Amino acid sequence: MSISMQDKVVLVTGGARGIGAAMAAAFAAAGAKVMVTDVLKDVGLATVEMIRKAGGQADFVEHDVRDEAAWEAAVAATVRNFGTLTTVVNNAGIEISAPIAELPIEVLDRLMSVNVRGLALGMKHGMRAMRPGGAAGKGGSILNLSSLAQLSASPGTGAYAATKAAVDRLTKVGAVEGGKFGWNIRVNCLYPGLIQTEMLEGLLGQQVSSGFFQNDEQVAEYVVDHTPLGRLGTVEDIANAALFLCSDLASFVTGVGLSVDGGIALT
Ligand SMILES: NC(=O)c1ccc[n+]([C@@H]2O[C@H](COP(=O)([O-])OP(=O)(O)OC[C@H]3O[C@@H](n4cnc5c(N)ncnc54)[C@H](O)[C@@H]3O)[C@@H](O)[C@H]2O)c1
């Protein structure tokens with residue numbers, strides 16, 4: 001059975017590239033209208049062009065998730081262009097590794113501001129638009145990108161993992177509020193494993209420069225060896241899980257954190 005997103009209007013942050021772009025493309029291919037938002041304007045516009053060429057409906061808004069006024073504008077543009085808002089995917093995120101004893105505190109502040117402040121603003125303005133009386137007003141769902149990092153403990157990932165643990169807690173509390181307040185807003189999150197994107201390339205490089213591994217290949221080999229399914233993840237692996245959680249097939253699923261990691265969290 002294929003998944004339909006025919007009646008959905010989705011705002012995807014950090015949708016210009018990587019996992020965000022793959023989710024935007026998957027939602028559009030399933031019939032959703034997709035607002036791609038990102039700080040990378042040219043890359044975002046190219047992603048929208050790619051979706052349109054494949055027959056999908058998409059648009060782009062330049063949007064820094066740390067900026068509350070930009071959130072209000074992005075939500076308003078989505079409702080104006082596509083008539084409503086049913087789904088917010090808080091995907092924008094950054095990763096910077098450093099052992100805790102060497103952690104420049106500005107790095108923690110940067111991680112917190114994108115991964116926690118930006119995501120919390122997305123939940124806030126998504127909920128305000130989708131709850132009864134809001135600009136869209138018919139309920140919907142929110143999907144947050146947490147990480148395997150919040151389930152495991154690898155050297156150098158402390159600050160990033162802390163932000164992704166915060167995402168997990170925001171998801172769980174958001175799920176209770178989105179239901180208990182009578183808004184019919186589902187809130188779930190994903191724990192991706194190691195997925196081949198520019199972020200992963202950066203992470204591998206930082207693991208090597210911190211001295212935990214000798215080269216990128218050694219890190220990748222270590223990860224694959226510890227992954228029961230024996231490979232790194234692809235952006236499509238994440239997009240497929242996102243499609244399910246944002247579709248009506250998941251209409252009774254809220255407060256869930258779904259690992260999409262080939263089983264690595266178990267080992
Ligand atoms: N790649 C992985 O292995 C992996 C694993 C677990 C979780 N994740 C999470 O998945 C999400 C996507 O990761 P990815 O691998 O595609 O990363 P990526 O770096 O390839 O893409 C992230 C996107 O977010 C955008 N972005 C960054 N800061 C922003 C801001 N302030 N406002 C708006 N957009 C901003 C970037 O421009 C980029 O387009 C992130 O939240 C990441 O933490 C990734």
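Is K8 buried or exposed? K8 counts as buried, because its relative accessibility is 10%. Buried means under 20% relative accessible area, exposed means over 50%, and partly exposed lies in between, with a 1.4 Å probe and protein chains only. The structure is a predicted model, in which local features need pLDDT of at least 70, side-chain atom pairs count only at pLDDT 80 or more, and totals for chains, interfaces and linings use all residues. Residues are numbered from 1 along each chain as its sequence is written, and side-chain values use heavy atoms, with hydrogens and water left out.

Stay with K8. Its side chain meets that of D7 in a salt bridge, 3.7 Å from N to O. A salt bridge is a side-chain nitrogen of Lys or Arg within 4 Å of a carboxyl oxygen of Asp or Glu. D7 is exposed, because its relative accessible area is 53%. By the salt-bridge rule, the count comes to nine.

Look next at E68 and K124. Their closest N and O atoms are 2.8 Å apart, in another salt bridge. E68 lies in helix α3 (residues 68-82) and K124 in helix α4 (residues 105-130), so the pair ties together parts that are 56 residues apart in sequence. Helices (H or I, at least four residues) and strands (E, at least two) are DSSP runs, numbered from the N terminus. E68 counts as partly exposed, because its relative accessibility is 28%. K124 is also partly exposed, at 37%.

K172 and D168 both lie in α5, four residues apart, which is about one turn of the helix. Their closest N and O atoms are 3.6 Å apart. K172 is partly exposed, with a relative accessible area of 23%. D168 is buried, at 5%. Salt bridges can also share partners: D7, K8 and D248 are joined that way into one network.

Now turn to the ligand. Which residues come nearest to it? Of the 28 residues around the ligand, R17, D38, N91, Y160 and T197 do. A residue is near a molecule if one of its heavy atoms lies within 4 Å of it. By class, this shell has 13 nonpolar, nine polar and six charged residues. Ala, Val, Leu, Ile, Met, Phe, Trp, Tyr, Cys and Pro count as nonpolar, Asp, Glu, Lys and Arg as charged, and the others, Gly among them, as polar.

Some atoms pair up. An N or O atom in the side chain of Y160 is 2.6 Å from an oxygen atom of the ligand. A polar backbone atom of V65 is 3.0 Å from a ligand nitrogen. For G193, a backbone N or O atom lies 3.3 Å from a ligand oxygen. The protein covers 94% of the 830 Å² of accessible area that the ligand has on its own. Accessible areas come from the Shrake-Rupley method with a 1.4 Å probe; for residues, only the protein chains shown count as cover. The elements that give two or more residues to the shell are α1 (18-29), α5 (158-180) and α6 (198-209).

Finish with N188. Its place is in strand β6 (residues 185-192). N188 is buried, with a relative accessible area of 1%. A polar atom of its side chain lies 3.0 Å from the backbone oxygen of V253.

Conventions: Polar contact = N/O pair within 3.5 Å; in protein donor to acceptor, adjacent residues only side chain to side chain.
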